[in-house]
Amino acid sequence: MLHVDETIGDYRILSLLSRGGMATLYLGRRTDAPEDSPPAAIKVIHEELSQDWQFVRMFIDEALISVRLRHPNVVRVDELGEHESRYFLVMEYVHGCSLAQLLRALGKKGRRMRPEIALWIGAQVARGLHAAHEMKGDDGQLINVIHRDVSPQNVLLAADGSVKVLDF
């Protein structure tokens with residue numbers, strides 16, 4: 001696990017965002033960037049999984065797809081890196097929460113999301129997924145990208161009102 005002020009590649013870790021079963025997500029910034037520049041989200045494979053070539057291959061495949069996919073409803077992936085045998089992705093940082101976090105918070109208050117809001121979020125997710133499904137390779141042929149984990153934790157709701165899908 002990385003700690004605040006440690007570096008990975010060209011990025012300095014600012015804070016821990018979350019830890020999942022396969023990777024840890026950090027908030028970071030390029031070491032050569034001004035302090036007021038936007039931060040990035042840095043997804044780092046757990047050290048023990050970095051030794052599993054099949055898992056690393058999946059991670060690299062995700063990165064190669066995500067780096068090409070540019071759509072307002074998809075989290076932008078800017079870079080795939082490897083530092084001391086640890087693979088990482090540098091993504092846009094989305095200030096907000098996941099749909100899962102929002103649904104949990106509403107549930108704790110005994111509330112539900114209004115149907116029209118749920119439909120709007122669903123439409124935004126569908127736009128992002130459609131962009132992935134329509135993605136073409138260098139040869140002009142469809143790549144046939146399928147998101148295999150469309151779930152509330154993989155839908156981000158930004159403070160600016162945008163909705164973004166992640167983890168292809």
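Mentor: Two strands count as paired if DSSP finds at least two bridges between them. In this predicted model, β7 and strand β8 (residues 155-158) pass that test, pairing in the antiparallel sense over three bridges.

Trainee: Let me step back to the whole chain. How many helices and strands does the protein chain have?

Mentor: The count is three helices and nine strands. Read from the N terminus, the elements follow the order β-β-β-β-α-β-β-β-α-α-β-β.

Trainee: Why does the radius of gyration of the protein chain agree with a compact globule?

Mentor: For 168 residues, a compact globule would have a radius of gyration near 15 Å, and this chain has 17 Å, which agrees. The C-alpha atoms fill a box of roughly 45 × 45 × 30 Å along the principal axes. Of the contacts with a separation of 6 or more, 48% join residues 24 or more positions apart. Buried residues make up 40% of the 168. The chain exposes about 10,000 Å², with carbon and sulfur atoms supplying 53% of that area.

Trainee: Now the sheets. In what order do the six strands of the open sheet stand?

Mentor: Start with the general idea: strands of a sheet pair through backbone hydrogen bonds, either parallel or antiparallel. Here the order is β1-β2-β3-β4-β6-β5, and the pairing is antiparallel. At the edges stand β1 (7-8) and β5 (77-83), each with a single partner strand, so one side of each has no neighbour in the sheet.

Trainee: How many bridges join β5 to β6?

Mentor: Six bridges join them, and the two run antiparallel. For an example, find His-83, whose bridge partner in β6 is Arg-86. Helix α1, residues 53-68, lies across β4, β5 and β6 and runs at about 25 degrees to β6.

Trainee: What are the partners of β4?

Mentor: Strand β3 (residues 23-30) pairs with β4 in the antiparallel sense over six bridges, and Leu-25 has Lys-43 as its bridge partner in β4. Five bridges join β4 to strand β6 (residues 86-92), again running antiparallel. There Ala-41 stands opposite Met-91 in β6.

Trainee: Why is strand β4 largely enclosed by the rest of the structure?

Mentor: In a regular strand the side chains alternate between the two faces of the sheet. That is why each face needs its own check. In β4, Ala-40, Ile-42 and Val-44 are buried on one side, and Ala-41, Lys-43 and Ile-45 are buried on the other. Six of the six residues of β4 (residues 40-45) are buried, so the strand is largely enclosed.

Trainee: In what order do the three strands of the open sheet stand?

Mentor: The order is β7-β8-β9, with antiparallel pairing. The edge strands are β7 (96-98) and β9, each pairing on one side only. Neighbouring strands of this sheet are turned by 25 degrees against each other on average, direction ignored. Helix α3, residues 115-133, lies across β8 and β9, running at about 45 degrees to β9.

Trainee: Is Lys-164 buried or exposed?

Mentor: The cut-off for buried is under 20% relative accessible area. Lys-164 has 12% relative accessibility, so it counts as buried. This residue is found in strand β9 (residues 163-165).

Trainee: Which side chain makes a polar contact with the side chain of Lys-164?

Mentor: That of Glu-92, at 3.3 Å. A polar atom of the Lys-164 side chain also lies 3.1 Å from the backbone oxygen of Pro-72. Beyond its neighbours within four places in sequence, Lys-164 is in contact with several residues, including Val-74, Val-94, Asn-154 and Leu-156.

Trainee: Where is Leu-69 found?

Mentor: Leu-69 is in the loop between α1 and β5. Not counting residues up to four places away in sequence, Leu-69 touches Val-74, Ala-131, Ala-132, Met-135 and Phe-168. The C-alpha atoms of Leu-69 and Glu-134 are separated by 9.9 Å, although the two are 65 residues apart along the chain.

How values were computed. Residues are numbered from 1 along each chain as its sequence is written. This is a predicted model: local features need pLDDT of at least 70, side-chain atom pairs count only at pLDDT 80 or more; totals for chains, interfaces and linings use all residues. Side-chain values use heavy atoms; hydrogens and water are left out. Helices (H or I, at least four residues) and strands (E, at least two) are DSSP runs, numbered from the N terminus. Buried means under 20% relative accessible area, exposed over 50%, partly exposed in between (1.4 Å probe, protein chains only). A polar contact is a pair of N or O atoms within 3.5 Å; within protein, one must be able to donate a hydrogen and the other to accept it, and residues adjacent in sequence count only if both atoms are side-chain atoms. Contact means heavy atoms within 4.5 Å. The radius of gyration is taken over C-alpha atoms; the globule rule is 2.2 Å times the number of residues to the power 0.38. Accessible areas come from the Shrake-Rupley method with a 1.4 Å probe; for residues, only the protein chains shown count as cover. Axes are lines fitted to C-alpha atoms, for helices over the stretch in contact, and angles run from 0 to 180 degrees between N-to-C directions.
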